[in-house]
Amino acid sequence: MMQALGVVLYLVLAPFVGALLDGVDRKLSARMQGRQGPPLLQPFYDLAKLFSKQMLAVNSVQMLLNLSYLIFLAVAGSLLFAGEDLLMCLFMLSTADMFLVMGASSDSSPFSTLGAGREMIQIMAYEPMTLLLAVGFYLATGSFQVGDIVSQPGSAVFTMPGFLLGLMFIMAIKLRKSPFDLSTSHHAHQELVKGLTTEMAGPTLAVMNIAEYYEMTLMLGLVGLFFVNRDPASWPLAVLACLLVYFLEILWDNVSARVRWNTMLGGCWVVTLLTGGLNGLVLMLMR
């Protein structure tokens with residue numbers, strides 16, 4: 001019963017939570033830059049406007065690929081919030097990213113194709129940390145099942161601080177924030193051409209945005225997994241930790257400039273080795 005409730009709540013509420021967090025992101029970013037910023041509910045207005053536009057696609061498969069991106073993210077998040085296999089959840093997350101790349105590269109626009117190529121580089125950068133994260137939870141709790149992880153007597157953050165730091169690092173890449181917004185940027189002052197979303201418009205772009213809201217909620221759910229345990233008091237602590245991490249991502253986004261792809265790739269692998277690799281080695285020695 002609780003598993004079904006978790007799936008339903010994620011599928012229904014994740015787009016609203018993600019859109020609201022996007023509105024907070026825009027508002028905080030504007031204030032950090034000395035601007036008034038858009039209304040808090042601007043992402044909802046944008047979605048309504050996009051869905052009201054005529055359905056235009058550069059080819060017959062772009063919408064299908066974007067919908068596949070959305071569906072796989074919905075499945076990945078459902079696995080997480082239903083307490084199922086974390087490893088399968090992360091595999092679904094990786095599969096969703098591939099549909100996004102195919103959707104962006106399905107047309108002949110050089111900007112979209114370049115954005116798709118850069119997205120592939122970003123996947124190469126963060127994927128090792130994503131897989132190590134599942135291994136870390138297994139070493140710390142003895143299970144890949146999310147239900148077993150959250151039923152532990154203590155929070156995983158005490159034995160996996162390195163993995164949390166690594167996750168926070170790759171979240172900037174997953175959420176396409178500076179300094180790693182190579183494939184596309186959500187801020188107008190950073191992009192003249194929108195990278196992999198260049199040829200997306202109307203309902204096609206709206207589906208892409210909703211998928212990103214699912215992904216945003218999923219990534220914050222992974223952060224919360226570090227703090228939740230069998231004690232009910234850990235749940236509000238996990239929510240506060242997620243909000244703090246998201247604020248730090250916004251802050252990092254606004255104080256850093258975009259780096260080159262090779263700097264991102266090498267830096268991410270170094271961080272993965274120093275955080276996830278060393279923390280995983282310590283957990284193996286403690287077993």
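**Entry 1: Serine 112**

I looked up serine 112 and found that it lies in helix H5. The model I am reading is a predicted one. Is serine 112 buried or exposed? I noted a relative accessible area of 1% for serine 112, so this residue is buried. I then listed its contacts, leaving aside neighbours within four places in sequence. Serine 112 touches Ala104, Asp107, Gly195, Leu196, Thr198 and Glu199.

**Entry 2: Isoleucine 123**

I stayed with helix H5, which covers residues 110-141 and also holds isoleucine 123. The relative accessible area of isoleucine 123 is 9%, and because buried means under 20%, I recorded this residue as buried. Setting aside neighbours within four places in sequence, I found isoleucine 123 in contact with Asp97, Met98 and Val101. I also checked isoleucine 170, which stands 47 residues from isoleucine 123 along the chain. The C-alpha atoms of these two isoleucines are separated by 9.9 Å.

**Entry 3: The nonpolar core**

I next asked which residues have the most contacts inside the largest nonpolar core. They are Leu86, Phe137, Leu167 and Phe226, in a core of 79 residues. Helix H8, residues 202-225, gives the most to this core, with 14 residues.

**Entry 4: The loop between H7 and H8**

I turned to methionine 200, whose place is in the loop between helix H7 (161-174) and H8. With a relative accessible area of 5%, methionine 200 is buried. Beyond its neighbours within four places in sequence, I found methionine 200 in contact with Gln62, Asn66, Leu100, Ala104, Leu205 and Met208. I compared the position of methionine 200 with that of leucine 64: the two are 136 residues apart in sequence and 12 Å apart in space, C-alpha to C-alpha.

Arginine 176 is in the loop between H7 and H8 as well. I noted that arginine 176 is buried, with a relative accessible area of 4%. Its phi is near 55°, a positive value in a residue other than glycine. I reminded myself that most residues other than glycine have a negative phi, and most peptide bonds are trans.

Where is the cis peptide bond that I noted? It joins serine 178 and proline 179, with omega at about 5°. I placed proline 179 in the loop between H7 and H8.

**Entry 5: The whole chain**

I counted ten helices and zero strands. The radius of gyration is 19 Å, close to the 19 Å that the globule rule gives for 287 residues, so the protein chain is as compact as a globular protein of that length. Its C-alpha atoms fill a box of roughly 55 × 45 × 40 Å along the principal axes.

Buried residues account for 51% of the 287 residues. Of the contacts between residues at least 6 apart in sequence, 78% join residues at least 24 apart. I recorded an accessible surface of about 13100 Å², with 73% of it belonging to carbon and sulfur atoms. For the charges, I noted 15 positive and 18 negative side chains, and the centres of the two sets lie 8 Å apart.

How values were computed:
Residues numbered from 1 in each chain as written. Predicted model: local features only at pLDDT ≥ 70, side-chain atom pairs only at ≥ 80, totals over all residues. Heavy atoms only, no water. Helix = DSSP H or I, 4+ residues; strand = E, 2+ residues; numbered from the N terminus. Rg over C-alpha atoms; globule rule 2.2 N^0.38 Å. Buried < 20%, exposed > 50% of the residue type's maximum accessible area, 1.4 Å probe, protein only. Contact = heavy atoms within 4.5 Å. Areas by Shrake-Rupley, 256 points an atom, 1.4 Å probe, with all protein chains shown as cover. Lys, Arg positive; Asp, Glu negative; His and termini not counted. Charge placed at Lys NZ, Arg CZ, Asp CG, Glu CD. Core = buried A, V, L, I, M, F, W, Y, C linked by side-chain atoms within 4.5 Å.
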